Amino acid sequence: MVRVFILLIFAFSLLFGDPLEESIKNLVSENVYQKHFRLINKIFQNKEQYYLTDEKVDILKVIKTLKENGLLNLFFQSPKENIITFKTNSNPIFFMKIIQDNLNNLGFLFTFTQEVDFDDNLFIWKIKFDSEYTLDPEIFSSFLIKNGCDILEITRKSESKWEYFINVDRATLNAKKLVLKERTRLKKPLSDYWLNIEGGSKISIASFGGNRWYPKIVIYDKNLHILKVYKKDEKTDWLVIYLPPSSYYIKISDSYTLNNLKYGLRVTLE
């Protein structure tokens, strides 16, 4: 009995104060951690497999392992209010665009802003939504990583409250990259067209027959600062826009409804 107790203390000491242990505790409740301590210790016994560097934990691998072993339940018995807090020390506008795009990709189309705060270079955006399940941190983070985001920390505050700390310094939007002097056909849009126009000096946009396009175009730099806005209240079939220096993204839409673009557009970057 004494030997078992000593082994348990030793096992706990291997985890105590360890970034891996802190990450696990940030993802499961204290009750779950205490109840399944032995299982957790066994699952994560090869700790080196869960580190990206000496100090940085592979948080996605930890989340996946917890899910696979039934230690991270993301579903509720009935719809519940979820509160998700996103934090960054980077560009707030760019940050919100990336978060919103990826929420939409996962089907979270009806979320509401509960709080926005910006203080001491820390931007906080808190959203809420009702659902029978919460945002899957593994899937959501995988989308963000594809955008070039760095997931610094994920913490589960309660069953339906999560916090994400994300760096977007190296991130890019989900925007189609245009190739210089190559005609690109854009199909009927479900949302505004977002295109990467890096390296271009002008863009030609042609509307296909059957459309009734009233252009609404915004040009941004890499950090989503607006450089130029173009809007026309006349039906347009073709136009050329000269791009300001530092142009990186362009959003193409219609002043009234995207149904006016049901036959799509053709664009050429030069």
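Which residue in β13 is the bridge partner of Tyr193? The partner is Ile252. The model under discussion is predicted, and the pairing is read from its computed geometry.

## Strand pairing

Strand β13 covers residues 249–254. Five of its six residues are buried, so the strand is mostly covered by the criterion of under 20% relative accessible area. Strand β8 (residues 193–196) is joined to β13 by four bridges, and the two strands run antiparallel. Strand β10, made up of residues 215–220, also pairs with β13 in the antiparallel sense, here over six bridges. Within β13, Ile250 stands opposite Ile219.

A further sheet is open and consists of four strands in the order β7-β14-β9-β12, with antiparallel pairing. Its edges are formed by β7 (183–186) and β12 (238–242); each has a single partner strand, so one side of each is left without a neighbour in the sheet. From one strand to the next, the twist averages 20°. Inside this order, strand β9 (residues 202–207) and strand β14 (residues 265–269) run antiparallel and are joined by five bridges. Ile205 has Val267 in β14 as its bridge partner. In general terms, strands of a sheet pair through backbone hydrogen bonds, in either a parallel or an antiparallel sense.

## Aromatic contacts

A pair of aromatic rings is described by two quantities, the distance of the centres and the angle of the planes. The structure holds 14 aromatic pairs. In one of them, the ring centres of Tyr33 and Phe37 are 6.0 Å apart and the planes stand at 70°, so the pair is edge-to-face. Tyr33 counts as buried because its relative accessibility is 1%. Phe37, at 13% relative accessibility, also counts as buried.

What is the arrangement of the rings of Phe75 and Tyr133? Their centres lie 5.9 Å apart and their planes meet at 50°, so the pair is tilted. Phe75 counts as exposed, at 54% relative accessibility, whereas Tyr133 is partly exposed, with a relative accessible area of 39%. Both residues belong to one aromatic cluster, which Phe75, Phe108, Phe129 and Tyr133 form together.

Strand β3 also contains Phe123. At 4% relative accessibility, Phe123 counts as buried. The C-alpha atoms of Phe123 and Phe165 are 9.8 Å apart in space, while the two residues are 42 residues apart in sequence.

| Charged residue | Ring | Distance from the ring centre |
|---|---|---|
| Lys146 | Phe143 | 5.7 Å |
| Arg185 | Phe208 | 3.8 Å |

## The largest pocket

Rolling a probe the size of a water molecule over the atoms shows where empty space is left. The largest pocket has a volume of about 480 Å³. Its lining comprises 19 residues, and those nearest its centre are Lys97, Asp101, Ser191, Asp192 and Trp194. Two elements, α6 (92–105) and β8, each supply at least two residues of this lining. Of the contributions, that of α6 is the most, with five residues.

## Backbone geometry in loops

Where do residues other than glycine with a positive phi lie in this model, taking Lys181 as one case? Lys181 has a phi near 65° and is placed in the loop between β6 (176–177) and β7. With a relative accessible area of 70%, Lys181 is exposed. A second case is Ser246, whose phi is near 75°. Ser246 is found in the loop between β12 and β13, and is exposed, with a relative accessible area of 58%.

Methods. Residues are numbered from 1 along each chain as its sequence is written. This is a predicted model: local features need pLDDT of at least 70, side-chain atom pairs count only at pLDDT 80 or more; totals for chains, interfaces and linings use all residues. Side-chain values use heavy atoms; hydrogens and water are left out. Rings of Phe, Tyr and Trp (its six-membered ring) pair if their centres lie within 6.5 Å; planes under 30 degrees apart count as stacked, over 60 as edge-to-face and the rest as tilted. Buried means under 20% relative accessible area, exposed over 50%, partly exposed in between (1.4 Å probe, protein chains only). A charge sits over a ring if NZ of Lys or CZ of Arg is within 6 Å of the ring centre and within 35 degrees of the ring normal. Two strands pair if DSSP finds at least two bridges between them. Axes are lines fitted to C-alpha atoms, for helices over the stretch in contact, and angles run from 0 to 180 degrees between N-to-C directions. On a 1 Å grid over the protein atoms alone, a cavity is a set of points where a 1.4 Å probe fits but cannot get out, and a pocket is an open set with protein on both sides within 12 Å along at least five of seven lines; lining residues have an atom within 4 Å of a point. Grid points are joined across faces, edges and corners, and a volume is the space filled by probe spheres set on the points.
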